[in-house]
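This report describes one protein structure, part by part. Please keep the sequence and the model at hand while reading.

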Amino acid sequence: MSTKNDHLTARTSPLKAGDTAPDFTLLDQDRKEWKLSDAVKKGDVVLSFVPLAFTGTCSIEMGCISKDAAKWGAKGASVVGIDCDSFAANKSWAEKDGYTQRLLADMHRQVCKAYGIYWADLNVSQRATVVIGRSADGVGKIKFFEAREPGKAMDWDKVLGMV
């Protein structure tokens, strides 16, 4: 079965600042397609990779994103969560916890593999934050990339300073 992300190549190590961000399309919690290259045209994009919905640290991070939505908007940035659950699980999670940002479903693990943050032992994404800006030639370039250990939440003030 082919998907919109068959062009992605799995990496064994994480991307880094200065690399071109692999473009991808995923479904959000409302089953709407979200494409990175379209979002980058509007401003910086922050990808918040978390392993799964409904888990402790993941819920804290998504709550912080929703709480600070006005700060991100004031900087012209958008923030999306990405996990390895389904759009249906993400919909339930967003409704239960009141998240306002898009939650993207990387069910086939193609995106986390392309960004070099696939956690094979658990078949999920590692926790990571990626800030992507648009370069002069119009492609998404990574401005900031940080993968973290399980249970360690992102310092969102640090990320906000990168956009």
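## Leucine 36 and the cores

Leaving aside its neighbours within four places in sequence, leucine 36 is in contact with Ala21, Pro22, Asp23, Phe24, Val45, Tyr115 and Ile132; contact means heavy atoms within 4.5 Å. This is a predicted model, in which local features need pLDDT of at least 70 and side-chain atom pairs count only at pLDDT 80 or more, while totals for chains, interfaces and linings use all residues. Residues are numbered from 1 along each chain as its sequence is written, and side-chain values use heavy atoms, with hydrogens and water left out.

The largest nonpolar core has 27 residues, and those touching the most other members are Phe24, Trp34, Leu36, Leu47, Phe49, Tyr115 and Ile132. A nonpolar core is a set of buried Ala, Val, Leu, Ile, Met, Phe, Trp, Tyr and Cys residues joined through side-chain atoms within 4.5 Å. Buried means under 20% relative accessible area, exposed over 50%, and partly exposed in between (1.4 Å probe, protein chains only). A second, separate core of 17 residues includes Ala53, Trp72, Trp93 and Val163.

## The sheet

Seven strands form an open sheet with mixed pairing, in the order E2-E1-E5-E4-E3-E8-E9. Helices (H or I, at least four residues) and strands (E, at least two) are DSSP runs, numbered from the N terminus; two strands pair if DSSP finds at least two bridges between them. The edge strands, E2 (33–35) and E9, each pair on one side only.

E4 and E5 (residues 102–105) run parallel and are joined by 4 bridges. Glycine 81 stands opposite leucine 103 in E5.

## Helix H4

In H4 (residues 87–97), the buried residues include Ala89, Asn90, Trp93 and Ala94. They lie on the same side of H4 because they cover an arc of only 130° around the axis, taken from the directions from the helix axis to the C-beta atoms. Exposed Glu95 and Lys96 are on the face turned away from that buried side. Just after H4, glycine 98 takes a positive phi of about 75°.

## Salt bridges

The count comes to 8 salt bridges, each a side-chain nitrogen of Lys or Arg within 4 Å of a carboxyl oxygen of Asp or Glu. Arginine 102 forms one with aspartate 28, with the closest N and O atoms 2.7 Å apart. This pair links strand E5 to strand E1, 74 residues apart. Arginine 102 is partly exposed at 32% relative accessibility, whereas aspartate 28 is buried at 2%.

Asp30, Lys91 and Glu95 are linked in a network of salt bridges.
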